[in-house]
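Here are my notes on the model you sent over. Have the structure open while you go through them.

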Amino acid sequence: MLKYSRNKLISVVREDHDTLSVHGILDDDIYSLELNITVRISDLQIITINGKWNRWTTPECHRAENLLNEAVGFRVEKGFTGKIHKVIGRKACRHFANLLIECCFSAKEAALIADMDDNAGRKQEKAVDESVKSVKSVIAAGPDISSKGFIIDLHVHTSPASPCSSADVNLLIEEAKRIGLDGICLTDHNFVWEPAEVEELRQRHDFLVLAGNEITTDQGDMLVFGLSRDIKGIIRLKDLRDEVDRAGGFLIAAHPFRGFLTFGIGELGLSAEKAMQRPLFKYVDALEVMNGKVTEKENLFAAEVAHGLGLPATGGSDAHEVSETGLYATRFLEKIKGERDLITALKSGKYMSVEYRK
Amino acid sequence: MNNILSYKRNRSTCVEQMDDYTMKSYCRFQDTFTEAYVEIMVCLPDLEITGATGEFTRSLRNECLIDINESLKRVIGVRIGSGMLKILKGLMGAKTDCRELIFMVEECCHGIILAFTKKKLLFSPKDEKEKHEYYANMVKENIRMYNRCAAFAPGSSFVDKT
């Protein structure tokens, strides 16, 4: 038969770089009490204490609560338990002393974890910095056409063609002209622009407007140029590749690492070398390595993979709002007049992704 | 920072009456780094520890992962009561660097004491005035309690009555 039971539960949260907030509960057949303490991580010193009785025995037990403050300034170090038993256990209450010891030793363990976390964070930051540095040097080593060429935003969405976009096509073209782009490419989701309609836009705005598609495949979104078939639903990448080949078009993996490096998934150890082995890269002609809707880290990762695979790299804003036009673009060597010129230029590999107005 | 829990500790101590002459007290401990268990057997009425076993199944500290039963054997024969903490620390401290092991044995011993305290407290009066007298008498009859905690310190209503 159970005669007595006691449970102690301690939880520790890191409040800031140097402060731990500790909450302890002691609950047994006789007593129930709680403690909230804060402890400095750097020297394990008790900064504040707050105690509360939930159940007690004598009418005088509450006198103990105020006396807990005598332990403020104590450090969790050699001789600490003796000091707590002597000061808190004798002057205040031995049950509070008991709980305080548990809280303080828990803080000591949590400080160890904080130290591990900080070291891991420093290592990770260093690794990311190194990676960014190396990828930036890779990009810098591309063809030197930074001061000349023809700049097109290869990836924009308009409304209502793309339900997710709020950008009116006319306003979007006006904005592209205003910021000095040489052209834009309408890449609405699974939507085929009529060639006559695109031509009419070119004439009306006296500006290079091109048409492509963004098609969703089983391997993610693909920017497709030169394909006029209206594809609905999700198509297998291999099948899309076949169709693009038959049409003599060009296929670019759009934002290939969107979401791959965020929120813990990035800690799974996906290296550029491993990423290069993804089957989808066998089916594409180029990689979009500058996309306005992903993080810089994801773009840099895509650039590293493109470089490793020897695939050309493109840039596009992925604009869904007028104001997003031209964040990134692709700089070509030659002037482009229409879709056929664009495909020829894309196949030549003589272009580079650029940060246009980021 | 992020308000996410960075460390958690659970400790549970229970006392069972095995038969008229035997009590078992056991402590289970689990935290981010450690999982451990200690059990002591105590004979009545002299509250002598007659058996002690335990195991650390997980620990960050190597000193706790060696065979702890050698250290635990040293507490067999110790009587639970005043001065026991010093004795336990002295006996086990010579054989183990695993601080948590000593603490768990202490917890088991406290459990035994509190199991008897609970029994005594079940008979304390409900009436406030009678309650004061009850505790005042307790201090009077057990002078070791005087000035041992805030409730029994000078200035408390129990001590004023003595």
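How much area do chain A and chain B bury between them? The points below start there.

1. The two chains bury about 4,000 Å² between them, and 56% of it is on carbon and sulfur atoms. Buried area here is the accessible area (1.4 Å probe) that two parts lose on being put together, summed over both. In chain A, the residues that lose the most area to chain B are A:Lys3, A:Tyr4 and A:Glu109, together 15% of what that side buries.

2. Before going on, some ground rules: this is a predicted model, where local features need pLDDT of at least 70 and side-chain atom pairs count only at pLDDT 80 or more, while totals for chains, interfaces and linings use all residues. Residues are numbered from 1 along each chain as its sequence is written, chains are lettered from A and ligands numbered from 1 in the order in which they are written, and side-chain values use heavy atoms, with hydrogens and water left out.

3. On contacts (heavy atoms within 4.5 Å), 46 residues of chain A meet 49 residues of chain B. Six salt bridges turn up across this interface, taking a salt bridge as a side-chain nitrogen of Lys or Arg within 4 Å of a carboxyl oxygen of Asp or Glu. A:Glu109 makes a salt bridge with B:Arg61, with the closest N and O atoms 2.6 Å apart.

4. Which element gives the most to the side of chain A that touches chain B? That's S1(A), with 15 residues. Strands (E, at least two residues) are DSSP runs, numbered from the N terminus. S1(A) also pairs with strand S1 (residues 5–19) of chain B, antiparallel, over eleven bridges; pairing takes at least two DSSP bridges between two strands. A:Lys8, for instance, has B:Arg11 in S1(B) as its bridge partner.

5. A:Gly149 is partly exposed, at 37% relative accessibility. A:Gly149 and A:Phe332 sit 183 residues apart in sequence, but 5.3 Å apart in space, C-alpha to C-alpha. Beyond four places in sequence, A:Gly149 touches A:Asp182, A:Arg331, A:Phe332 and A:Leu333.

Notes: Helices (H or I, at least four residues) and strands (E, at least two) are DSSP runs, numbered from the N terminus. Buried means under 20% relative accessible area, exposed over 50%, partly exposed in between (1.4 Å probe, protein chains only).
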